[in-house]
Amino acid sequence: MSPEVGALSVIESFIVIVAIVLIQLVLYLILYKILRREYEKVGTLTDEEKYKKLGIVKKGSYYLPEKLPWYVNPRFWEIFTLIVSIILLILMW
Amino acid sequence: MAWGLLNEFDIITIILLLSATWIYSILFRKYTKTLKEYYIAGKIIPWWMVGIDLASVALDIGNLYFTLTWCYAWGWFGFSQNMPWGWVAGSWFISGWILPAMYRLGVITNTTWLEARFDSSMRQLAAWMQILQRSFVLSGMLIGIAILFEVTTGIKFYEGIALAGVISVIATALGGKVYVMASEVVQATFSMTAGFVLLFFVITRLGLAKFLEMLSPWMHWVKVPIEVVKGIPNEVAFIGMVLVCATYGIINQEYMSKALSGRTEHEARTALWFPNMLVWSLWMLPFAYLGIIGRQLYPGVKPADYVLGYFVRDYIPTGLLGFIIGSFIATSADFGSTTQTIASLLIIDFYKRYIKKEAPEDHYVKLSKILTILWCIIPAIWVPFQMALPFVAMLYIMITGAIITPTFVPYIVGSVSKFFSRKSAFIGCITGGIVGLAISIINSFVTPLPPWLSHSWMVPIYSTSICLVVMIIVSLIENKVKGPLSDEELIGVVITLPTKYIKMKPVQNIISSRIQRIKLNHLSLISSQFIGGEQCVA
């Protein structure tokens with residue numbers, strides 16, 4: 001360690017630890033609840049039963065919900081990512 | 001109390017970050033009763049969580065070093081290893097053809113699909129190639145954690161390796177894939193934050209103007225002020241590297257198993273793009289910058305992986321070291337996920353396929369958990385080889401480029417076309433692999449070959465091209481002799497086939513017999529929804 005790097009004070013170090021504990025606790029708890037709910041909802045169903053329950057049907061080659069929001073539309077993200085990639089490639093060639 | 005550079009607060013922070021994962025995994029024990037639950041989380045994971053977890057596959061601690069060391073060597077050119085072209089190109093195939101086919105077929109390992117599409121020899125070849133490749137990845141992770149321990153705590157390198165090995169495998173074995181998916185979201189958050197905190201301290205101490213001055217000449221994908229591969233234009237090297245990277249997600253069971261954990265097919269496909277790509281790019285951005293300026297601040301470091309440890313040591317104040325180190329090490333949760341991947345290939349593709357075919361489900365799950373833990377020891381054999389190279393990931397690139405890359409060809413061509421015959425994949429991959437290996441061996445042990453032929457980014461161009469050509473030739477012959485594969489045989493395996501003219505009864509019989517033969521007894525989705533008739537579950 002370079003000598004000038006120094007150290008956090010006791011209070012600052014304590015705040016870091018408390019923040020880590022709280023953030024971990026909250027994140028872990030939220031994720032656990034989400035997954036438990038998902039498991040209870042569809043965890044024991046076959047894919048076919050799950051699709052029926054979630055209202056997913058075949059449209060063209062793919063299985064999609066009757067009403068598909070843009071943020072879970074794979075085709076939207078495929079095209080979006082491709083465009084962004086090409087722009088980045090050109091800009092920073 | 002102090003431990004190397006760490007004070008008592010740092011030590012507490014590391015213990016808190018690591019112990020939380022172990023405690024957390026216990027909560028998920030009830031979700032590991034079947035192979036489907038243990039390996040693909042029972043297919044219950046929402047899209048956003050799958051996306052973050054897919055980024056976690058690519059950005060375990062080994063990959064953080066990967067990004068940093070590539071940028072250390074070649075500037076921004078090194079950043080293009082991950083984003084966007086190779087990955088985007090590969091993800092198009094996964095999203096459009098490969099993942100839907102695997103999802104509908106109900107497979108747990110991507111190699112199982114290869115048997116349904118080609119034959120059992122191709123499945124075995126791909127499975128064992130992956131086991132080899134994932135072992136290098138695990139070895140890289142062990143080294144990454146050991147380097148951080150060594151630089152900051154004074155723990156000797158090989159003791160650090162031993163410590164690293166047990167950090168996450170036990171938690172993974174306890175909690176299975178559902179635990180992995182949840183914990184990696186938390187660890188990705190911490191690791192990303194830690195990366196930006198480290199970058200913040202570096203910029204603060206260097207000054208923004210100096211930081212940008214060091215960075216700017218190197219911020220090009222191709223026009224970096226260095227010949228990346230001596231003797232060939234950067235543009236050509238770039239194409240070779242894109243090809244290597246394009247294969248990553250396709251042949252990687254760990255990546256595919258997380259995608260297959262998605263709640264529905266379209267959610268799994270969405271997750272491949274968003275938030276996967278965004279999280280991925282943001283996560284590795286600080287490490288790319290650190291690699292570029294690390295070349296100038298710490299010249300000539302070998303292996304260059306130590307540079308990350310030096311940055312942590314020289315720029316982070318005591319009291320915050322624990323957070324930085326703990327967060328980076330916590331991403332080693334992916335270590336457990338990788339050993340779990342190897343366990344899935346050994347249990348499902350080999351043990352269940354050939355050794356013990358009809359055992360109860362809990363027998364396979366128990367064995368899977370034991371293998372998940374035990375496999376953390378095996379990769380240590382690669383450590384000395386990797387440490388002798390300019391950067392740790394080099395062995396991975398060399399072996400992947402020479403013999404593993406061809407195995408991605410059957411996934412792509414087999415998923416989009418029914419022309420390719422059953423034997424073509426194995427023969428093509430073996431031929432491509434032999435050519436790649438021969439070039440590498442001659443170059444290393446007989447006589448140096450020109451870089452355009454022998455460099456690890458150039459070899460995949462030849463090995464995959466030869467694989468494809470051989471596949472075409474073998475398919476032409478086999479199709480001529482045996483007749484082409486019928487639409488009926490490939491229903492549910494190649495998703496683009498027309499189905500409306502197919503008579504249902506023969507189709508069901510063919511699918512049933514094939515499924516029986518390859519023991520896909522967990523299939524549930526070859527059903528009326530797909531083939532327009534009655535449900536057909538083996």
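Where in chain B is Pro303(B) found? Pro303(B) sits in the loop between H16 and helix H17 (306–315) of chain B, where helices are DSSP runs of H or I of at least four residues and strands are E runs of at least two, numbered from the N terminus. This is a predicted model, in which local features need pLDDT of at least 70 and side-chain atom pairs count only at pLDDT 80 or more, while totals for chains, interfaces and linings use all residues. Residues are numbered from 1 along each chain as its sequence is written, chains are lettered from A and ligands numbered from 1 in the order in which they are written, and side-chain values use heavy atoms, with hydrogens and water left out.

**Confidence**

- The model has an ipTM of 0.90 and a pTM of 0.84.
- Chain B has a mean pLDDT of 81, with 84% of its residues at 70 or more; pLDDT is the predictor's confidence in each residue, from 0 to 100.
- Residues 499–507 of chain B have a pLDDT below 50, and this stretch has twelve contacts in the model beyond near neighbours in sequence; a contact means heavy atoms within 4.5 Å.
- Residues 521–538 of chain B also have pLDDT under 50, and the model gives them 58 contacts beyond four places in sequence.

**Overall build of chain B**

- Chain B contains 28 helices and two strands.
- Of the 538 residues in chain B, 67% are buried; buried means under 20% relative accessible area, exposed means over 50%, and partly exposed lies in between (1.4 Å probe, protein chains only).
- Among contacts in chain B with a separation of 6 or more, 82% are between residues 24 or more positions apart.
- In helix H15 (residues 265–273) of chain B, nine of nine residues are buried, including His266(B), Arg269(B) and Trp273(B).

**Interface between chain B and chain A**

- The interface brings 76 residues of chain B into contact with 58 residues of chain A.
- About 6,100 Å² is buried between the two chains, and carbon and sulfur atoms give 67% of that area; buried area is the accessible area (1.4 Å probe) that two parts lose on being put together, summed over both.
- Two salt bridges are counted between chain B and chain A; a salt bridge is a side-chain nitrogen of Lys or Arg within 4 Å of a carboxyl oxygen of Asp or Glu.
- Arg263(B) forms a salt bridge with Glu38(A), with the closest N and O atoms 2.9 Å apart.
- The side of chain B that touches chain A has 43 nonpolar, 20 polar and 13 charged residues; Ala, Val, Leu, Ile, Met, Phe, Trp, Tyr, Cys and Pro count as nonpolar, Asp, Glu, Lys and Arg as charged, and the others, Gly among them, as polar.

**Salt bridges within the chains**

- Side chains of opposite charge can pair when their charged atoms come close.
- Over all chains, the structure holds 16 salt bridges.
- Lys423(B) forms a salt bridge with Asp119(B), the closest N and O atoms being 3.6 Å apart. Lys423(B) is in the loop between helix H23 (408–416) and H24, and Asp119(B) is in the loop between helix H7 (110–117) and helix H8 (120–153), so the pair ties together parts of chain B that are 304 residues apart in sequence.
- Lys423(B) is partly exposed at 41% relative accessibility, whereas Asp119(B) is buried at 8%.
- Arg422(B) and Glu489(B) meet in a salt bridge through their side chains (3.3 Å, N to O). Arg422(B) is buried, with a relative accessible area of 12%, and Glu489(B) is partly exposed at 28%.
- Glu115(B), Arg123(B), Asp349(B) and Arg353(B) are linked in a salt-bridge network.
- In chain A, Glu78(A) and Arg75(A) form a salt bridge (2.7 Å, N to O); these residues are three apart in helix H3 (residues 74–91) of chain A, so about one helical turn separates them.

**Backbone features of chain B**

- The peptide bond from Lys302(B) to Pro303(B) is cis, with omega near -10°.
- Another cis peptide bond joins Phe274(B) and Pro275(B), with omega about 10°; Pro275(B) is in the loop between H15 and helix H16 (276–297).
- Ala41(B) is not a glycine, yet has a positive phi of about 55°; Ala41(B) is buried at 1% relative accessibility.
- Lys43(B), also a residue other than glycine, has a positive phi near 55° and is buried at 2% relative accessibility.
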